[in-house]
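Student: I should like to learn how to read the features of a protein model. May we take them one at a time, with the structure in view?

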Amino acid sequence: MSMKRTLGAVLILAALSACGVAVPPSRNAVLPILPSQISTAPGEVIAGPQELAVLGIEIAVPQTLRTSEANVLVPSADIVWRGDPLGERHEQVAAIFQNAAAKATEGFTDGRGVIVSVEVTRFHALTEKARYLTGGNYALHFILTVRDAATGELIDGPRPIIADVRASGGIRAIAEDNVGRTEKVVITERLVSVLYSELKNLMVEPAV
């Protein structure tokens with residue numbers, strides 16, 4: 001056999017061998033599942049998240065929460081509030097949460113009917129001294145619970161929510177007051193944002 005024929009035979013055998021190489025199967029490989037491959041029994045519905053219809057709002061500010069009117073940087077108390085005239089601080093805080101919750105749930109009108117309950121555990125704003133000297137932090141803590149409006153079934157919670165937000169101080173606080181961004185406005189905006197987000201992202205199964 002000539003050299004050319006020998007070389008050609010080797011190349012042909014190599015090609016045939018390459019075509020016939022078997023790749024060992026991977027037993028741990030995970031194959032993608034396409035939506036068309038998912039089958040359900042006739043009439044079966046796969047449960048998923050459902051929109052909410054907020055039919056009621058309950059706000060609780062327990063009288064056991066301690067208040068303080070001391071004009072120091074950080075009073076030892078559960079409720080510190082100076083954004084309203086001197087009065088019943090528990091009621092004032094409840095009004096702030098009621099207003100914020102009403103605004104946060106305005107768009108929740110379709111879906112499973114629920115009652116949203118909020119129990120305040122801490123509402124620590126700034127004293128006069130802290131607001132005009134250092135600023136700090138608005139500590140807004142509460143427990144959120146969502147129940148079915150018809151049956152009372154627990155849908156979510158009770159779970160603690162921390163909605164703290166930065167509080168301006170000094171010249172910046174004065175400037176914000178002058179343009180209407182009072183403590184009450186800043187705190188209300190924050191509560192609206194947090195409550196809306198918590199409810200919007202809530203995974204709710206359809207009522208049975």
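Student: Which residue of β5 is the bridge partner of I143?

Tutor: Two strands are said to pair if DSSP finds at least two bridges between them. Here I143 has P160 in β5 as its bridge partner. Strand β5 (residues 154-162) and β4 are joined by 6 bridges and run antiparallel. The hairpin of β4 and β5 has 5 residues between the strands, and G152 takes a positive phi near 80° there.

Student: How far may I rely on such details, and how are residues counted?

Tutor: This is a predicted model, in which local features need pLDDT of at least 70 and side-chain atom pairs count only at pLDDT 80 or more, while totals for chains, interfaces and linings use all residues. Residues are numbered from 1 along each chain as its sequence is written, and side-chain values use heavy atoms, with hydrogens and water left out.

Student: Which other strands pair with β4?

Tutor: Strand β3 (residues 112-124) runs antiparallel to β4 (residues 136-148), with 10 bridges between them; V114, for instance, has D148 as its partner.

Student: How many helices and strands does the protein have?

Tutor: Helices (H or I, at least four residues) and strands (E, at least two) are DSSP runs, numbered from the N terminus. The protein has 5 helices and 6 strands, in the order α-β-β-α-β-α-β-β-β-α-α from the N terminus on.

Student: What span should helix α5 have?

Tutor: The expected span is 1.5 Å times one less than the number of residues. Helix α5 (residues 183-200) has 18 residues and so should span 26 Å, which agrees with the 26 Å between its end C-alpha atoms.

Student: Which residues of α5 are buried?

Tutor: Buried means under 20% relative accessible area, exposed over 50%, and partly exposed in between (1.4 Å probe, protein chains only). In α5 the buried residues are E183, V186, I187, T188, L191, V194, L195 and L199. Across the protein, 33% of the 208 residues are buried.

Student: Which residues touch the most other members of the largest nonpolar core?

Tutor: A nonpolar core is a set of buried Ala, Val, Leu, Ile, Met, Phe, Trp, Tyr and Cys residues joined through side-chain atoms within 4.5 Å. In the largest, of 37 residues, these are F97, F123, Y138, F142, I187 and L191. Helix α2 gives this core its largest share, 7 residues.

Student: Which residues does F97 touch?

Tutor: Contact means heavy atoms within 4.5 Å. Leaving aside residues up to four places away in sequence, F97 touches I59, V118, V120, F123, F142 and L191.
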